[in-house]
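Visitor: I would like to know what stands behind the terms used for this model. Please take me through a few of them.

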Amino acid sequence: MPYLNVWSSGTNSSMLPHVESELASSSTSVFTWRKTDSWVLAYSPSHNSTSDHVSRSFRCPRDKPKFRKQVFCLRTRVFPFRLPKKDFLGPSFAVAQASDVREQNSQSFTRGERGVGALTCVELEEKGDLSHNVEFGDVGSEEEEAGRVKGEKVDVRALAQSLHFVRNADEVDEVLKDKVELPLQVYSSMIRGFGKDKKLNSAMALVEWLRRRSKDDIGSVSLNVFIYNSLLGSIKEAGKYNFVDKVMNDMVSEGVEPNVVTYNTLMRIYIEQGRELEALNLFREMPKKRLFPSPASYSTALFAYRRLEDGFGAITFFVETREKYQNGEIGNIEEENWEYEFAKLEDFTIRICYQVMRQWLVKGEKASTNILKLLTDMDKARLQPSRAEYERLVWACTREEHYVVAKELYNRIREMDTEISLSVCNHIIWLMGKAKKWWAALEIYEDLLDKGPKPNNMSYELIVSHFNILLSAAKKRGIWRWGVRLLNKMEEKGLRPSSREWNAVLVACSKASETTAAVQIFRRMVEKGEKPTVISYGALLSALEKGKLYDEALQVWKHMIKVGIEPNLYAYTIMASIYTAQGKFNIVDSIIKEMVSTGVEPTVVTFNAVISACARNGMGSVAYEWFQRMKTQNITPNEVSYEMLIEALANDGKPRLAYELYVRAISEGLSLSTKAYDAVILSAQAYGATIDLSILGPRPPEKKKRVQIRKSLSEFCNIADVPRRSRPFDREEIFTARTKGT
């Protein structure tokens, strides 16, 4: 609720004329009398009132009029105070309030006290009549102003409470008919208090009672723009907007001209109703009515753009306002400190753009494109958000497509030559990984190492997880060179690769049949103090098998058993394949038996490895024996089993048996490759065998190609979003720095 302050003036000063009120205060004025060491009675809203501060008032006459002296207070403080400078208080108060609008608390521009409870008392002493235009009269001598006042006290709070439940003017008259006439400000404050308490009927009844008294020429109080502005504010507080048209019609019928406060209040009511475009039209209408918008008017218009989520419109509006201010078209009213107010409007515009961008990120509709464009427009308008606002926007980036916005915001923070939150950097690293921009995440981690802040455990875990993703991609496609380079990159940045990272590179080397590279990586792993796992040994065994280094593979196998690592299915299968290639089928038998005894049951993969080794080494008959043995152990053959066996028999000069196996596979519902079909046809033609092509069926379509083993670094750039400006791979990168130096 508004309250009264009594200020001491040590100067001879007369009141400056004020033309209008700010926002929606209907009963605020500031003036002094030309008297040495006089007192200034200032009626102003409290910091948490929804009423707007008044920077303009009416000129008081030089000669002190004779009137009924009225010392009244809503929340009265008495303390000596000299007249403030013109930039001490004014419309900036309203803009500051409007700047603090929160999206979740947008019912009013400022926080307010609850209703009539803030009212206190009024002390009266008759000395004459109170002018309709002078909001406050002379308060007498300094002794009286200091609290030694005489006269009758009126409890305004009790008076307001007695009017709390009135429904019409007659009931108001019953309460007030025997009461002394009160100042206009008391009625205005009670009307606004009723609105806060959602007692709009009481406010309307009090206004109607004042209208009756004005028509009957009873008392000195008459309806004016202040009363109607208070009533509009009460309607806004109560949220009963259907009474707005009635109040405006009453103003016209009473001949009361709306002022800037009226327009500001109507604009806010329209905004609350979701009629933002109409509110902006009201703003544009003010100059046509020869009304000069106040700073609060501009802030209200900006708030309409916020509700429309139109950041571009808010920037355009601000730029136009700045041009008007720089050209001297606005800011000419002496009581309005536009230098201060303009800074408030600039901050408010930045805040609106931030809120709009955050809302776009939440909704996700073309957010990245719109935000980048809005940031560009803000740069053109010389609107610079703070680091905190940039960081809050980064936190709102949670979707994969937001990575572009997050990277742009990150770069802007870095360009500000200020600190950046480590948690924000970690969030961006996470987001880059989610968007599969792992190399960009690594660049941010490098910035942490070079520029700060120092990375923590979360940074380490995030970047290692990204390395694992890259290494997994390298492993899957056999891009072993990038695997090696990634390991070197991790060590360069102080990240210690675990067995998981080493194993990924070993598997990539194995898939690429890079035996030498696999051996060197295995040695580096041991030198770095990382204990090899069964996967490490399996990948090395596979690489040695593909390089036909069977003796070395046997040494690795024995070393694995010696250090106490139990072989898994993959290791057993590789050793069975190695011994098959050497023709040592008795050892293959012993491996199968050992697998069963240790609880590692052979699978179709194990038998396929043996059959494949037989096929590669021209042992078709032996392959067929192992095929039969697989069936006796109740292991169902798959497409690979049939394809490798058919190929082995076809190459071994047994086209008829190959044909029968192909037909059997088709009858079992298996889909064989074109390679097996072609092997049967070519073998039958080469050896003159008779086969029924109608039973064989048409040539099957080409199967989807398996993952191609790539050996070039450029292939990995496409997969992992890695920059192509990397140097050619040097095989010395396989070795550690210490090894290269020896």
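Guide: Lys 373 is found in helix 14 (residues 367–380). Helices here are DSSP runs of H or I, at least four residues, numbered from the N terminus. This is a predicted model: local features need pLDDT of at least 70, side-chain atom pairs count only at pLDDT 80 or more, and totals for chains, interfaces and linings use all residues. Residues are numbered from 1 along each chain as its sequence is written, and side-chain values use heavy atoms, with hydrogens and water left out.

Visitor: Why does Lys 373 count as partly exposed?

Guide: Its relative accessibility is 47%, so Lys 373 counts as partly exposed. Buried means under 20% relative accessible area, exposed over 50%, and partly exposed in between (1.4 Å probe, protein chains only).

Visitor: What makes helix 11 and helix 13 roughly parallel?

Guide: Helix 11 (residues 295–307) and helix 13 (residues 338–363) pack at about 5°, with axes 10 Å apart. Axes are lines fitted to C-alpha atoms, for helices over the stretch in contact, and angles run from 0 to 180 degrees between N-to-C directions. Angles under 35 degrees count as roughly parallel, over 145 as roughly antiparallel, 65 to 115 as roughly perpendicular and the rest as oblique. Helix 11 and helix 13 are therefore roughly parallel.

Visitor: Which residues of helix 11 and helix 13 meet?

Guide: Contact means heavy atoms within 4.5 Å. Among those in helix 11 are Tyr 298, Leu 302 and Phe 303; helix 13 contributes residues including Trp 338, Leu 345 and Phe 348.

Visitor: What are the angle and axis distance for helix 19 and helix 21?

Guide: Helix 19 and helix 21 (residues 499–511) pack at about 15°, with their axes 8 Å apart. They are therefore roughly parallel to each other.

Visitor: How do you know that the length of helix 17 agrees with its residue count?

Guide: The expected span is 1.5 Å times one less than the number of residues. For the 13 residues of helix 17 (residues 422–434) that should be 18 Å, and the end C-alpha atoms are 18 Å apart, which agrees.

Definitions and conventions:
Helices (H or I, at least four residues) and strands (E, at least two) are DSSP runs, numbered from the N terminus.
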